[in-house]
Amino acid sequence: MKIGFYPGCSLTGSSREYKESILAISEKAGIELVEISDWNCCGATAAHNLNKELSVSLPARNLALAESDGIEELVVPCAACYNRLVMTQHELNEDEKLKSQIAEKLQMPLKNKLKILNVLQYLEEYFVPRLDELIKKPFEEEVACYYGCLLVRPNQVIKADRWEDPMSMDVIMQKLGAKPIDWAFKTECCGAGFSMSKTEIVGELSGKIVRNAVNQGAKAIVVACPMCHSNLDMRRPAINSYLKTKIEVPVMYITQAIALAMGMSEKEAGLQRHFVPVSFSVNC
Amino acid sequence: MSEFEPKIVAFVCNWCTYAGADLTGTSRIKYAQNVKIIRFPCTGRIDFMLLLKAFAEGADGIIVSGCHPNDCHYTSGNFHARRRWITFRSLLDFLGIDVRRIQFSWVSAAEGAKWAEIANTTVNNIRELGPYTDYAKVAVHLKKEAKV
Amino acid sequence: MSRIGVFICHCGENISATVDVVKVAEEAGKHEGVAYSTDYKYMCSEPGQTIIKQMIKEKGLTGVVVAACSPRMHEPTFRKACSEAGLNPYMCEMANLREHCSWVHDKSDATTKKAIDLVRMLVEKVKFNKPLYPIKVPVTKTALVIGGGIAGIQASLDIANSGHKVVLIEKDPSIGGHMSQLSETFPTLDCSQCILTPRMVEVAQHPNITLMTYSELEKLDGFIGNFKATIRKKAKSIDEKLCTGCGLCTTKCPTKKIPSEFNAGLGFRTAIYVPFPQAVPNKPVIDKENCRYYQQGKCKVCEKVCPTGAIRFNQEDELIEIEVGAVVVATGFNVMEPSEFPEYGYGKYKDVITGLQFERLASASGPTLGEIRRPSDGKIPKKIVFIACAGSRDPAKGIPYCSKICCMYTAKHAMLYQHKVHDGKSYIFYMDIRAGGKNYEEFTRRAIVEDEVNYIRGRVSKVYEENGKLIVKGVDTLLNARPVEIEADMVVLASAAVANPGSEELAQRMHISYDAYNFFSEAHPKLKPVETNTAGIFLAGACQAPKDIPETVSQASGAAAKVAILFSQDELSREPVVAVVNRSAPPVYSTCVGCFMCATACPYQAIGEELITDRKGNVIKKVAKVNPGLCQGCGTCVAFCRSKSIDIQGYSNEQMYTEVMALLNDE
């Protein structure tokens with residue numbers, strides 16, 4: 001089975017392990033993720049703050065490329081990329097005039113009917129029904145499922161389940177054998193782009209998230225967004241200095257948890273690439 | 001040569017647009033004399049055969065106007081009118097009648113100025129389109145044929 | 001041959017200043033079928049009307065066209081004048097020369113020509129007018145009131161005191177509604193039950209009121225003055241005549257842990273129960289869903305202890321048919337299910353409660369006897385947070401509207417809390433304080449100034465538990481605009497007021513309309529606030545939109561007055577502008593083919609079936625029939641009819657086609 005794949009910049013850089021793990025689990029499940037040829041930047045958070053046309057054209061080009069590759073379903077693991085692609089698809093479908101303008105600008109046809117999946121939707125559709133067969137070692141950990149903002153907002157377009165208190169990741173983790181904890185910071189802001197400019201803000205915001213997760217008994221925080229991951233993991237020193245304590249709870253991608261449960265090694269899952277050491281070898 | 005003065009018949013409902021046009025009067029807002037109003041209880045009552053009759057009798061343009069959606073005095077008459085208009089429009093188009101000659105609008109009892117504006121724009125639009133004789137000719141021809 | 005009189009009005013100079021009225025009269029006089037035409041300075045004045053009356057008699061006029069102002073202004077005036085001269089009033093029409101001509105055009109030949117065209121149009125129409133007679137319908141002088149909350153109670157008492165019979169039905173075992181659950185009422189802080197219970201007793205004792213509790217409307221047929229209501233009287237499993245209300249059964253019932261509806265789930269009741277001590281009627285019912293005997297076949301303890309032998313396990317629901325002339329719908333509202341707020345933790349944390357639950361905590365008859373104690377451990381909360389607009393004004397929760405009562409009751413709650421817990425601290429997160437109403441603003445100011453309630457303008461994003469405290473995360477949008485966190489012992493959600501479950505079906509059963517939120521729609525938002533668009537059905541209270549007690553009571557009295565007006569007549573007289581299905585001689589009988597497209601188009605369910613039979617009673621044809629009592633005269637059916645068999649009096653096909661033709665044939 002072949003499904004389209006849009007990695008985006010993070011997955012080729014700071015969150016290589018996210019790409020490695022999603023490709024690894026897909027391969028093992030017999031799914032080939034085919035990268036869109038000649039893909040470009042999704043526009044990230046910068047474009048739509050500066051130039052509306054650019055912010056729509058950039059994702060639109062990726063959508064058009066996917067169409068010309070004959071792709072019908074597209075997996076977008078990065079939450080930010082997913083958000084931009086879905087928002088663009090929505091905006092163009094709402095505005096026929098804009099759609100034809102953009103198609104003209106791109107000089108590519110654009111039907112705009114692609115099915116875009118984030119990582120949770122991808123897992124729900126292609127892994128959850130086959131978990132019994134795929135899982136070798138249940139991931140029996142107490143985990144905090146952290147969704148962040150971009151997977152669930154804006155609700156009018158994304159239509160996430162209970163966007164103030166989403167459950168879809170919790171459900172998947174539970175099916176892996178994990179015990180998702182009940183906590184309050186599932187969709188709180190991690191500090192996002194302040195990671196670069198004002199690290200202390202990330203320290204405070206992410207610190208509150210990590211603290212609540214640990215207080216509620218989480219042994220790991222599971223994420224589905226490269227930005228969330230880097231703030232909770234790479235910015236741990238800032239978090240620790242805000243909390244005035246050393247917190248060691250690891251942060252991992254949901255795809256890595258699945259990789260472990262499917263019997264892959266920590267290296268295959270890319271766990272060695274994290275700043276906060278992850279090791280579940282005792283339990284798994 | 002004097003300017004072409006189109007004949008425009010306005011089919012309006014008693015409760016909103018007729019009252020709105022009354023307000024145009026009480027507010028002394030002027031509009032072209034070309035527009036003449038026929039009063040119906042509700043836009044739901046406006047059988048579209050009446051519009052064809054108007055064209056057959058020499059109307060150059062038609063306005064159909066009633067209460068805004070959800071404001072119908074009879075709850076849903078204007079929804080029926082709207083649905084009928086959607087169907088009728090494509091049928092007219094198919095028949096070769098220029099749908100630009102029919103202006104469909106909502107004018108509430110509080111929109112006196114809007115009524116004047118719609119009346120004037122319709123007159124201008126129809127003036128640009130010129131006299132409408134095609135349908136009247138067909139009607140006259142059919143009448144003659146029927147007599148033969 | 002028609003003999004039509006045309007009367008052109010100058011309206012002082014309002015018409016004559018821009019229209020050449022003399023010429024209009026002159027042109028009209030030349031028109032075929034016009035027997036007389038004239039112009040006069042003020043047609044609507046006494047002398048003007050006299051001219052019309054004289055000419056009707058002198059010239060034997062068969063129809064009249066008055067060309068003056070808008071018919072919406074003076075049509076009744078001129079029709080009355082015609083009728084006084086012996087002409088059927090519906091033979092009189094008006095041409096609108098003022099609002100639609102003289103006032104909107106400058107003086108010119110074109111303006112005069114338009115006036116001539118308009119007069120010609122109406123003259124041609126009148127030729128096809130037919131004498132019409134007002135429709136008479138009898139009135140059954142009994143009112144049905146649905147819902148026994150304060151709205152239904154007030155409406156019932158007012159109608160009953162005006163001398164008419166009332167049947168009041170209530171779905172619960174007792175009347176009283178939400179008002180009986182309230183602790184104190186704003187802005188006076190008088191006890192809700194103290195002012196309500198005397199009214200409840202009055203209802204039960206009133207000779208004109210038949211009270212049916214534990215009963216629901218099953219079906220409503222008919223039309224204004226002549227409704228037929230079917231009421232389902234649910235089995236109470238007791239013989240009400242024998243029961244003395246001693247209450248022994250309720251103390252002995254072994255099933256004791258059923259969440260009490262009256263206490264909003266904060267206390268328990270038994271399976272055979274009286275909802276609250278002051279209930280009217282004060283006789284128990286058995287809740288079959290929770291009764292040990294009905295569920296498991298064994299128990300019957302209540303039967304054993306009942307001193308009068310009033311328990312009836314084999315009792316069944318009864319369907320009762322009654323005839324009523326008017327209906328007052330007073331079914332009230334509900335509070336939004338707070339499970340819609342996972343972010344506020346309702347259901348997850350015991351100490352996050354709704355405003356209605358707080359009412360029960362603060363009520364002297366409540367589970368804590370009026371002490372503010374939190375549900376989890378019974379401790380007195382020292383820090384309490386109220387969240388206003390929990391759901392209201394939040395399109396994301398599907399409720400863009402304001403629930404209207406929450407600003408006031410939240411202020412009241414905080415006040416009651418401060419009065420009862422002197423060392424406590426209370427906070428209210430709010431969007432705006434909407435305190436429009438007599439003494440309302442003063443009341444909220446008192447909460448802020450005297451009782452030192454902390455108002456924080458901003459919304460709450462999250463409530464979560466940490467170290468035994470409820471952390472309320474919100475924002476203060478004033479001054480520094482900073483995020484705030486409060487460690488609270490208890491959180492009260494002012495959850496939105498929503499329509500009762502099942503109100504959609506109830507509306508459909510009664511053929512009244514409802515809005516996007518399932519609140520019932522009034523006939524006109526300003527001028528007909530208690531009427532529905534179905535004649536004879538009126539609205540009272542929060543079933544129409546969220547409202548407080550004074551507003552509810554006023555509306556209920558308004559609805560009662562409407563019913564009394566209706567009942568002041570023995571017969572109803574209605575405008576004969578209604579649809580009729582044509583009838584003709586055999587073998588056609590009617591051109592109606594019985595497709596009933598008209599019935600699907602009718603917004604009033606006014607079109608039914610009629611069977612045409614021969615002398616032996618064999619059905620020859622099934623045709624549509626319009627009920628003139630229900631028809632409101634919109635004419636949508638006329639445009640729908642494919643065989644042109646249905647027509648509307650006053651706006652008939654003949655009349656409308658003639659108008660179109662006359663307007664355009666100006667040669």
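Colleague: In which handedness of crossing does H11(C) pass H12(C)?

Modeller: This is a predicted model. In it, H11(C) passes H12(C) in a left-handed crossing.

Colleague: How is a pair of packed helices described?

Modeller: Two packed helices are described by the angle between their axes and by the distance between those axes. Here helix H11 covers residues 355–362 of chain C, and helix H12 covers residues 406–420 of chain C. They pack at an angle of about 35°. Their axes are 11 Å apart.

Colleague: Which residues make the contact?

Modeller: H11(C) brings Gly355(C), Phe358(C) and Ala362(C). H12(C) brings Cys406(C), Tyr409(C), Thr410(C), His413(C) and Leu416(C). By class, the contact of H11(C) with H12(C) has 5 nonpolar and 3 polar residues, with no charged residues.

Colleague: How many of the residues of H6(C) are buried?

Modeller: H6(C) is mostly covered, with 11 of its 12 residues buried. Among them are Ile150(C), Ile153(C), Leu157(C) and Ile159(C). Gln154(C), Ser156(C) and Asp158(C) are also on the buried list.

Colleague: What do the buried residues of H6(C) pack against?

Modeller: Several elements of chain C. The strands are S6 (142–146), S7 (165–169), S10 (209–212) and S18 (326–329). The helices are H7 (192–205) and H15 (549–567).

Colleague: Which residue just after H6(C) takes a positive phi?

Modeller: Gly163(C), with a phi of about 100°.

Colleague: Let us take a loop residue. Where does Ala310(C) lie?

Modeller: Ala310(C) sits in the loop between helix H10 (301–305) and strand S17 (318–324) of chain C.

Colleague: Is Ala310(C) buried or exposed?

Modeller: Count the C-beta atoms around the residue. A residue is buried if 20 or more other C-beta atoms lie within 10 Å of its own. Ala310(C) has 21 within 10 Å, so Ala310(C) is buried.

Colleague: Which residues is Ala310(C) in contact with, leaving aside neighbours within four places in sequence?

Modeller: Ile238(C), Asp239(C), Leu242(C) and Cys243(C). Ser237(C) shows the separation in sequence: Ala310(C) and Ser237(C) are 73 residues apart along the chain. In space they are 8.6 Å apart, C-alpha to C-alpha.

Colleague: Step back to chain C as a whole. How many helices and strands does chain C have?

Modeller: Chain C has 18 helices and 34 strands. Its C-alpha trace spans about 95 × 75 × 40 Å along the principal axes. Of its 667 residues, 49% are buried. Take the contacts in chain C between residues at least 6 apart in sequence: 70% join residues at least 24 apart.

Colleague: And chain B: what pattern does chain B follow along the sequence?

Modeller: The pattern is β-α-β-α-β-α-β-α-α. Buried residues make up 53% of chain B.

Colleague: Which chains share the most contacts?

Modeller: Chains B and C, of the 2 pairs of chains in contact. Chain A and chain B do not touch. Their nearest C-alpha atoms are 21 Å apart.

Key:
Residues numbered from 1 in each chain as written. Chains lettered and ligands numbered in written order. Predicted model: local features only at pLDDT ≥ 70, side-chain atom pairs only at ≥ 80, totals over all residues. Helix = DSSP H or I, 4+ residues; strand = E, 2+ residues; numbered from the N terminus. Contact = placed C-beta atoms within 7 Å. Axes fitted to C-alpha atoms, helices over the stretch in contact; angles between N-to-C directions. Left-handed = near helix turned anticlockwise from the far one by under 90°. Nonpolar A, V, L, I, M, F, W, Y, C, P; charged D, E, K, R; others polar.
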